[in-house]
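Here are my comments on the side-chain contacts. Please read them with the model open.

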Amino acid sequence: MRLQLSGHGASRGSALGRARVRLPHALEVVEKRIPANLVEKELRRLHDAVDSTRGEMQVLRERLHGALAKEVGEFLDLHALLLDDPELLHGLDELIRAGRYTADYALRLQRDRLAAVFDGMDDAYLKSRMDDLDHVIGRIHAHLNKRIGGPKGVAGDILVSDNVAPSELAQLQAQGVVAIVTSAGSTLSHSAILARSLHMPLVVGAARALQKINDGDVLIVDGASGSVVIEPGPEDLLAYRQRRRELAKEQRELGRLRSKPTRTMDGVDIVLLANAESGEDVAQAHSLGASGLGLYRTEFLFLQRNELPDEEEQFRTYRDVVLGMSGRPVTIRTLDLGADKADRTGLVLGNEDNPALGLRGVRLSLANGELFDTQLRAIVRASGYGPVRVLVPMVSTREEMLAVRKRLKRVAEKLRRQGAAVADRIPLGAMIEVPAAALALHSFVDIVDFLSVGTNDLVQYLLAADRNNDALGELYSPLNPGVLRLLKHIINVAGEYDIPVAVCGEIAGDAALAPLLLALGLTEFSLHPATLLEVRKAVRGSDLSALKARTGKLLQARDRTGIENWLKSASPLHG
Ligand code: PEP
Ligand code: MG
């Protein structure tokens, strides 16, 4: 019988397919004991499954490339760490040895024990790590039962689950899953961001999904509106086909914008720069006509390994990025490790109470002078091959920028003396993502050449809301009157001092929010190439002077709904 559920649209696109229901923590294992003489064999079975899981993760890790390599990779690293956790493994051995349980049941018991510990924690972030643990345990369980390679026959299916981990998204897509519906989750989670990059339709927060949807039910999912139709009728099917035609037309139209300027209806040119972290991103940015790279994240070079990359390796990587953009400026951000971007090299301290407020970004670089100089040398050498700008993450004070400027100058002078081809000028910029730096911009505008606003972090520090914590729901959001006022302040001050300013957080890649950023006076956007054409289309359909006439109204909005209403009323002004 036809039934319609509603959740939140987290990644656009629509899909028609059979439901593949994945029940939460599906370790439905009955209690079973083994005789003493089979204990060693059972232990071997468990260890083989753990080894196979580790191997599977390594293979997945090595296969990662492109836009998602960094983010998915970080989750896989986290899962690999959990897999090596002595608490987990030792506990399992003990349960098999002393309790004589089967490996499957031991896994179940150990999961429940750890879940109880996680549940008792006050820290919501740690609590939410239980999802990661479940994911790892689920993989071991699959190997114990030789259900490797994920569920069979999912091609064309729509996964219905309580939640989905960022690290499994790419794999699910490769297996042919065409859309995902989750009963929990938020539209701002990492999974949602990744689903959007992958163009995988996703509906989150469809609370009754697991009760109402049965395995094999036919579903129509709309990742824009958040609607899920179970056992659709003829009218639904017609509407679905119509929607698909519209989407295909939209894609064809977007394709035509590749060589078009990013110009508003009233003739103002907007700069679209790309965020990149891999060769594929660079190639895509180049082919879609990005004006340059506004954010090249260097962390990925450091994250996927146990030893630090040396100067030569870094130089070759940066040089190839510069060559890949053939003369368009490339903004290389210095290492932004720390907090949720932990590494395996021992650089990042593992014992900070508050890593997001700890030794991360430029703080970490300045505390490791030699490492920082090595990176600066590599970047400066790459500047001999095309225009390069250096961007510094997590700046809080003038002193930090002065220290970086001094180092950069010293490194460049030494390289010139050594005969290297170094650009005459390497602009130095600051990421604005710490509220104090945003408020006190006037205190260091004289020592920076450009600014880039990292709204992902700025929002989390301004609202004291962890960007990775789904439990906070919609609290972590740029659609907040305080965030908008601070953005306006940054754009105004940069304008007064004639310093170019871009926004490089996720907000810049959301075409629906382009009118808002334009109204605030932003003229440079830096975004993932996956959404570059959509944002270009939004800009081309915008009447900038009409939007600016309404900036006051936008800043008067008192809450998220007020801002959303402003966006709705602004839509006739952008096509
Ligand atoms: C940001 O914080 O907005 C940003 C672009 O940097 P990252 O997401 O790499 O922290
Ligand atoms: Mg940041």
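The points below cover the ground rules, aromatic pairs, charges over rings and the metal site.

1. This is a predicted model: local features need pLDDT of at least 70, side-chain atom pairs count only at pLDDT 80 or more, and totals for chains, interfaces and linings use all residues. Residues are numbered from 1 along each chain as its sequence is written, chains are lettered from A and ligands numbered from 1 in the order written, and side-chain values use heavy atoms, without hydrogens and water.

2. The whole structure holds three aromatic pairs (Phe, Tyr or six-membered Trp rings with centres within 6.5 Å; planes under 30 degrees apart are stacked, over 60 edge-to-face, the rest tilted). One of them joins Tyr-101 and Tyr-105: tilted, 5.3 Å centre to centre, 55° between the planes. Tyr-101 counts as buried because its relative accessibility is 13% (buried is under 20% relative accessible area, exposed over 50%, partly exposed in between; 1.4 Å probe, protein chains only). Tyr-105 is buried as well, at 13%.

3. Tyr-296 and Tyr-318 pair edge-to-face, at 6.4 Å between centres and 80° between planes. Tyr-296 is in strand β10 (residues 293–297) and Tyr-318 in helix α13 (residues 311–324), 22 residues apart (helices, H or I, at least four residues, and strands, E, at least two, are DSSP runs numbered from the N terminus). Both tyrosines, Tyr-296 and Tyr-318, are buried.

4. The charged end of Arg-381 sits over the ring of Phe-315, 4.1 Å from its centre (Lys NZ or Arg CZ within 6 Å of the ring centre and within 35 degrees of the ring normal).

5. Which residues coordinate the magnesium ion (ligand 2)? Glu-433 (OE) and Asp-457 (OD) do, at 2.1 to 2.2 Å (donors are N, O and S atoms within 2.8 Å of the metal, 3.2 Å for Na, K and Ca; water is not among the atoms, so sites may look incomplete). Glu-433 is buried at 2% relative accessibility, and Asp-457 is buried at 2%.
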